[in-house]
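Visitor: I have a model open and some questions about it. Can we go through it chain by chain, then look at the pockets and the contact?

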Amino acid sequence: MIFFNIIILLIVFFFQSIFPAIYFQSFKIYPDFLLIILLYFSFNNTRLASISIGFCIGFIQDLISEVELIGIYSFIKSLIGYLFGSLKKYDGFYSKKILNIFIFIIFTIHFSIYYFVKFNNIFDIIIFLKLVCINSIINMLLYFILHKIFPLLEKK
Amino acid sequence: MIGIIRYIVYQKDIFFLIFVLLFSTTIFLSNDSDPVKKLKNNFTNYYTSILGPFFWYKSAFDLKEKNASLNEKITRLELEQNQLNSLSIENKKLKEMLDYKQKNNLVLKLGEITSHNMSPTINSFSINIGKNNNLESNLPVIDMNGIIGKIFSVHNNKSVIQIVTDKNFRVSIRIGSNRTLGIFVPTHSKYGIIEGVPKSQKVEIDDIAVTSGISDIYPPNIPVAKVISSYIDNNQFFQNITVEILADVYNPDFVFVIK
């Protein structure tokens, strides 16, 4: 199972690295497949494991894409892993719609922290909000598509 | 202790998350890239703007301590400056005296004033030279302006000078274009009179009275006083001449003893 997970992770990393960028004004936007995979991993593991996986994914992502800001993804992904883990832990207390809202909020938190740190010196609240919203929406759509193929709470 | 361990195990997710976040932050902040530097700067700015009032209070207290320290420093520097000024003045005076000594043919011995005695009975100074410097009683004492007095008593390393303003002080002088003989007598403060100058002799204001040389103590031609007024009273035999002592009798630092 672990081997299978690693293979999936490697495929996703590869896919993430070759996926073409979407241009918004002068900013490049990439759908974060690793965030989606973290969501799936979190819903199939404990919260502690989610944090660990989040940290590992984030660290590798740092090494691949954000050497200048090394540590940023490991920080965010660990936190998001914890939030996804918490979401899974209290699964059943809320409906699917609420779950989706929470997932969207967590995506927003992820991109807010990322863009806040990345564009700290040229901080423009409008651009910042646009980037966060667009990224969150793209990832949400990606999640919906994947969810149709591989339901998140399959085990249940 | 066991309770703490239990709590940590129970909340392991949180503790692990904190550990991982701290680790990530450490990695992030250890980076020296421009974005991280700018981020650090921005955070420092936020931090200082939020904690500005606390810093202000702290700096106000620090300022008080610093102020006290600076006041102390200023006082010390002022004292040093005064000392330097004093030394500068002393140096200047000594240079002038050295120059005077070299120009003069007299054998002069430099002495420093160590104490003043302005009692009603005797006006005197003490100087720091005495028998050990081959001084004896009745040697004349001068400064660069004129006669200051004479040695009254001598000790090994100290001598007492009777000042020209002392009531019992007398000196034979010559005055005027005819170098008429007279006696200088102190009256009050730094003033005195010249006795024994006949009415026929011409004496003008600003004439200088100098030692006559007929005394055993004072060599001739040492300035004593300057005429500030003179008038002739028909009922008296001699002129009334008022003079002002030339020597600095109030603030002398150094004097010469003529040997």
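Guide: One term comes up throughout: helices (at least four residues) and strands (at least two) are DSSP runs, numbered from the N terminus. Keep in mind too that this is a predicted model.

Visitor: Which elements of chain A each supply at least two residues of the lining of the second largest pocket?
Guide: The second largest pocket has a volume of about 440 Å³. Its lining counts 22 residues, and Tyr30(A), Ser65(A), Glu66(A), Tyr73(A) and Tyr114(A) are the closest to its centre. H5(A) gives the largest share, 4 residues. The elements of chain A with at least two lining residues each are H1, strand E2 (27-29), H3, helix H5 (96-118) and H6.

Visitor: What is the volume of the largest pocket, and which residues are the closest to its centre?
Guide: The space in the largest pocket is about 800 Å³. A total of 26 residues line the largest pocket, and the closest to its centre are Asn5(A), Ile8(A), Ile37(A), Tyr40(A) and Phe41(A).

Visitor: Which element gives the largest share of the lining of the largest pocket?
Guide: Four elements of chain A give two or more residues to this lining: helix H1 (2-18), helix H2 (33-43), helix H3 (47-65) and helix H6 (125-149). By class, the lining of the largest pocket holds 20 nonpolar, 4 polar and 2 charged residues. The largest share, 8 residues, comes from H1(A).

Visitor: In what order do the elements of chain A run from the N terminus on?
Guide: Chain A has 6 helices and 2 strands. From the N terminus on, the order is α-β-β-α-α-α-α-α.

Visitor: What share of the residues in chain A is buried?
Guide: Buried means under 20% relative accessible area. Chain A exposes about 8300 Å², and carbon and sulfur atoms supply 75% of that area. Of the 156 residues in chain A, the buried share is 46%.

Visitor: And what share of the residues in chain B is buried?
Guide: Chain B has 4 helices and 12 strands. Chain B exposes about 16400 Å², with 56% supplied by carbon and sulfur atoms. Of the 259 residues in chain B, the buried share is 32%.

Visitor: Of the contacts in chain B with a separation of 6 or more, what share joins residues 24 or more positions apart?
Guide: For chain A, among contacts between residues at least 6 apart in sequence, 65% join residues at least 24 apart. For chain B, the share is 53%.

Visitor: Which residues of chain B lose the most area to chain A?
Guide: The contact takes 21 residues from chain B and 21 residues from chain A. Between them the chains bury about 1900 Å², 72% of it on carbon and sulfur atoms. Three residues together make up 26% of what the chain B side buries: Asp13(B), Leu17(B) and Phe28(B).

Visitor: Is Ser24(B) buried or exposed?
Guide: Ser24(B) is found in helix H2 (residues 12-30) of chain B. Ser24(B) touches residues of chain A, including Phe55(A), Gly71(A) and Ser74(A). The relative accessible area of Ser24(B) is 0%, so Ser24(B) is buried.

Visitor: What is the phi of Arg179(B)?
Guide: Most residues other than glycine have a negative phi. Arg179(B) lies in the loop between strand E6 (171-175) and strand E7 (180-186) of chain B. Arg179(B) is partly exposed, at 38% relative accessible area. The phi of Arg179(B) is positive, near 50°.

Visitor: What is the phi of Ser189(B)?
Guide: Ser189(B) sits in the loop between E7 and strand E8 (191-195) of chain B. Its relative accessible area is 41%, so Ser189(B) is partly exposed. Ser189(B) is not a glycine, yet phi is positive, about 45°.

Visitor: Is Asp216(B) buried or exposed?
Guide: Asp216(B) lies in the loop between strand E9 (208-211) and strand E10 (223-231) of chain B. Exposed means over 50% relative accessible area. Asp216(B) has 82% relative accessibility, so Asp216(B) is exposed.

Note on methods:
Residues numbered from 1 in each chain as written. Chains lettered and ligands numbered in written order. Predicted model: local features only at pLDDT ≥ 70, side-chain atom pairs only at ≥ 80, totals over all residues. Heavy atoms only, no water. 1 Å grid on protein atoms, 1.4 Å probe; cavity = no way out; pocket = protein on both sides within 12 Å on 5 of 7 lines; lining within 4 Å. Points joined across faces, edges and corners; volume = space filled by probe spheres on them. Nonpolar A, V, L, I, M, F, W, Y, C, P; charged D, E, K, R; others polar. Buried < 20%, exposed > 50% of the residue type's maximum accessible area, 1.4 Å probe, protein only. Contact = heavy atoms within 4.5 Å. Areas by Shrake-Rupley, 256 points an atom, 1.4 Å probe, with all protein chains shown as cover. Buried area = accessible area lost by both parts, 1.4 Å probe. Lists of a residue's contacts leave out its neighbours within four places in sequence.
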